Each structure stands twice: as C-alpha cells, then as structure tokens.
Amino acid sequence: MHNLRYKTTNWKQYNQSLINRDSLTFWIDEKAIQLWNQTKPGHNEKTRLFSDLAIATALMIKCVFSMPLRSLQRSINSVFKVAQLPLLCPHCSCVSRLCFLMRVQIVNPNMIHD
C-alpha cells in the first residue's frame, strides 16, 4: 500500500485551522478586573488609562508567548471579548513606553539549578 499525499490548495483556510486547533484558558481574578484601569495621575501629571498591573500583565504574557506587541494587544483584547469583560489591553505603544519603568521577571522552573 502506498502513502497517500494530500496537496493543500487553500492555504488561508489551512493556516486558520492550525491557529484554531489548540485552546487556551485564562482565569481573570475579580480584583485584577477592578485594578486594571487607573484613574490617578501618572509620572507627568497626565491621567494614565492603565494601571501598573495592566502593563505588567501584558509584559508577562508577551514574555511567556514570545509575542510582538501588536499581536499581544490583539490577543489580550480577544480574551477580554470572549470573557465579555469591558476592558481593553494597553496600546502597544503604551506598553513599549512603560516597559522600561517596570521589571517583569519570568522564572522558568526548568532553568533553575540546585
């Protein structure tokens, strides 16, 4: 019996099916939802729209999934949409600008040596 070969003719549909193949679940704490937006003035007396928690969360997700900032913004917004939360991800330029003020450290347990 010979090996059957299939030729992909619709690459757009094929790529989309690969994207939709896996599932990911996020658990979002009530307190995190309440603290996501910030209403107090920031460093230059302008009111910042997003809290340090929002920026840190975005940076952690970026590090874990190795995402560019624009993809990160789209992904987080889609999680909020699916969860039916009235929140938005900080804009990619906002995360880029504020990431230098924050230190986000991701510890990989596989990299820890005794």
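Visitor: Which residues touch the most other members in the largest nonpolar core?
Guide: In this predicted model, they are Trp36, Phe50, Ile55, Leu72 and Ile76, out of a core of 17 residues.

Visitor: Which helices supply at least two residues of that core?
Guide: Helix H3 (52-65), helix H4 (69-82) and helix H5 (92-98) each do. The largest share comes from H3, with 5 residues.

Visitor: OK, what does isoleucine 55 touch?
Guide: Leaving out residues up to four places away in sequence, isoleucine 55 touches Arg48, Phe50, Pro90, Cys94, Val95, Leu98 and Met102.

Visitor: Staying with H3, which of its residues are buried?
Guide: Ala54, Ile55, Ala56, Ala58, Leu59 and Ile61 are. H4 and H5 are among what covers the buried residues of H3.

Visitor: And how far apart are the end C-alpha atoms of H3?
Guide: They are 20 Å apart, and that agrees with the 20 Å its 14 residues should span at 1.5 Å a residue.

Visitor: Let's zoom in on alanine 58. Buried or exposed?
Guide: Alanine 58 is buried, because its relative accessible area is 0%, and the cut-off for buried is under 20%.

Visitor: How many residues along the chain separate alanine 58 from cysteine 92?
Guide: They are 34 residues apart along the chain, with 9.4 Å between their C-alpha atoms.

Visitor: Switching to H4. What about glutamine 73, buried or exposed?
Guide: Glutamine 73, found in helix H4, counts as buried because its relative accessibility is 18%. Not counting residues up to four places away in sequence, glutamine 73 touches Cys89, Pro90, His91 and Cys92.

Visitor: On to the surface. Which residues form a nonpolar patch there?
Guide: Leu24, Phe26, Val64 and Phe65 do, with about 380 Å² of accessible area together.

Visitor: Where is phenylalanine 26 in all this?
Guide: In the loop between helix H1 (11-19) and helix H2 (30-35). Phenylalanine 26 is partly exposed, because its relative accessible area is 36%.

Visitor: Zooming out, how many helices and strands are there in the protein?
Guide: There are 5 helices and 0 strands, so from the N terminus on the elements run α-α-α-α-α.

Visitor: What percentage of the residues count as buried?
Guide: Of the 114 residues, 22% do. The protein exposes about 10,000 Å², and carbon and sulfur atoms supply 55% of that area.

Visitor: One more: what share of the contacts is between residues 24 or more positions apart?
Guide: They account for 47% of the contacts with a separation of 6 or more.

Conventions: Residues are numbered from 1 along each chain as its sequence is written. This is a predicted model: local features need pLDDT of at least 70, side-chain atom pairs count only at pLDDT 80 or more; totals for chains, interfaces and linings use all residues. Side-chain values use heavy atoms; hydrogens and water are left out. A nonpolar core is a set of buried Ala, Val, Leu, Ile, Met, Phe, Trp, Tyr and Cys residues joined through side-chain atoms within 4.5 Å. Buried means under 20% relative accessible area, exposed over 50%, partly exposed in between (1.4 Å probe, protein chains only). Helices (H or I, at least four residues) and strands (E, at least two) are DSSP runs, numbered from the N terminus. Contact means heavy atoms within 4.5 Å. The expected span of a helix is 1.5 Å times one less than its number of residues. Patches are made of residues with over 30% relative accessible area and no salt bridge: like charges are joined within 9 Å, nonpolar side chains (Val, Leu, Ile, Met, Phe, Trp, Tyr) within 5 Å. Accessible areas come from the Shrake-Rupley method with a 1.4 Å probe; for residues, only the protein chains shown count as cover. A salt bridge is a side-chain nitrogen of Lys or Arg within 4 Å of a carboxyl oxygen of Asp or Glu.
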